[in-house]
Amino acid sequence: MVLVISMDSKLQTPMYFFLRNLSYLDLCYSTVIAPKTLLNFLSTEKKISYNDCLAQFFFFALFATTEAILLSVMAFDRFSAICSPLLYHVNMSQKVCVQLVTGSYICGCVNSAIHTGFALTLRFCGENRLDHFFCDVSALMEISCADHFVNEIVLFVLSALIILSTTTVIVVSYGYILSTVLKIPSIHGRRKTFSTCGSHIAVVSIFYGTVFFMYAQPGALSSPEQSKIVAVFYTLIIPVLNPLIYSLRNRDVKDAVKRIVCGKWSLQ
């Protein structure tokens with residue numbers, strides 16, 4: 001998806017700029033998890049050093065948080081395009097788009113740094129057997145021999161804050177979008193306008209549903225097996241699903257792929 005958007009001149013719009021960054025984030029945070037998981041699966045000696053574990057957790061939290069914020073930015077982009085089409089290219093100029101993406105990364109970095117800082121306060125005794133396939137904060141808390149009540153509160157508060165703030169932007173944006181779409185007289189016009197949001201709604205529903213289930217509910221850390229199943233979904237499956245959802249439901253992307261493939265064949 002990153003290459004398709006970068007190579008096609010007709011996809012150089014704010015919506016596809018954000019989509020390219022979303023695809024890049026999917027690639028990054030699955031890459032943080034997948035190689036080590038595969039190595040452990042194939043190896044008889046399944047281990048990770050303390051420093052590598054913290055590094056894996058830091059980058060995973062960074063990319064996952066940035067993606068959550070970027071999804072709300074993409075909702076705002078759709079709101080601007082549908083509700084204020086005449087001012088769209090002013091409101092979503094290249095400078096503004098870069099600032100929004102940069103801000104998403106900064107927020108992700110701050111959130112990740114806070115969680116990693118609190119993870120450093122955890123104390124471990126005896127055999128540290130991590131009951132997970134990657135260094136998630138919940139798994140680290142489980143094997144800590146010191147009280148981690150403060151860490152649980154920080155995890156819950158920050159996760160809830162990020163989810164509530166970003167979902168508020170998404171819900172409000174789509175509330176205005178729905179109101180605008182319903183004012184369009186023709187059914188075909190409504191369907192065509194709202195179709196640009198379908199892929200984003202699907203991605204948001206899957207991502208936020210799993211993250212809320214994992215981190216932002218009391219007792220979310222009580223079942224390691226349940227935690228691992230959900231983690232597999234949002235660390236390995238969602239990054240694969242997102243490009244498929246956007247490409248299969250998006251005519252512009254499919255046309256761009258055809259142009260790139262046909263262009264290469266013509267050169268040969």
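C125 is partly exposed, with a relative accessible area of 47%. This value, like those that follow, comes from a predicted model. The partner of C125 is C145, and the two sulfurs lie 2.0 Å apart. The bond counts as a disulfide because its sulfur separation falls within the cut-off of 2.5 Å. The link between C125 and C145 is right-handed, with 55° about the S-S bond. It connects distant parts of the chain, 20 residues apart. C125 sits in the loop between α5 and α6. C145 sits in the loop between α6 and α7, the latter helix spanning residues 149-182. C145 is also partly exposed, at 42% relative accessibility.

A search of the whole structure returned two disulfides. The other one pairs C53 with C135, again with an S to S distance of 2.0 Å. Here the angle about the S-S bond is -125°, and the link is left-handed.

C53 has a relative accessible area of 7% and is buried. C135 is buried as well, with a relative accessibility of 1%. Both assignments follow because buried means under 20% relative accessible area. For C125, the 47% value gives a partly exposed residue. The 42% value does so for C145.

Counted along the chain, the bonded cysteines follow the pattern 1-3, 2-4. C107 takes part in no disulfide. Its nearest cysteine sulfur belongs to C109 and is 10 Å away. C107 is partly exposed, at 41% relative accessibility.

What separates C28 from a bond? The closest cysteine sulfur to that of C28 is in C109, at 13 Å, so the distance is too far for a bond. C28 is buried, with a relative accessibility of 13%.

In summary, the model holds two disulfides. One is the left-handed link of C53 and C135. The other is the right-handed link of C125 and C145. Buried cysteines include C53, C135 and C28. Partly exposed cysteines include C125, C145 and C107.

Conventions:
Residues numbered from 1 in each chain as written. Predicted model: local features only at pLDDT ≥ 70, side-chain atom pairs only at ≥ 80, totals over all residues. Heavy atoms only, no water. Buried < 20%, exposed > 50% of the residue type's maximum accessible area, 1.4 Å probe, protein only. Helix = DSSP H or I, 4+ residues; strand = E, 2+ residues; numbered from the N terminus.
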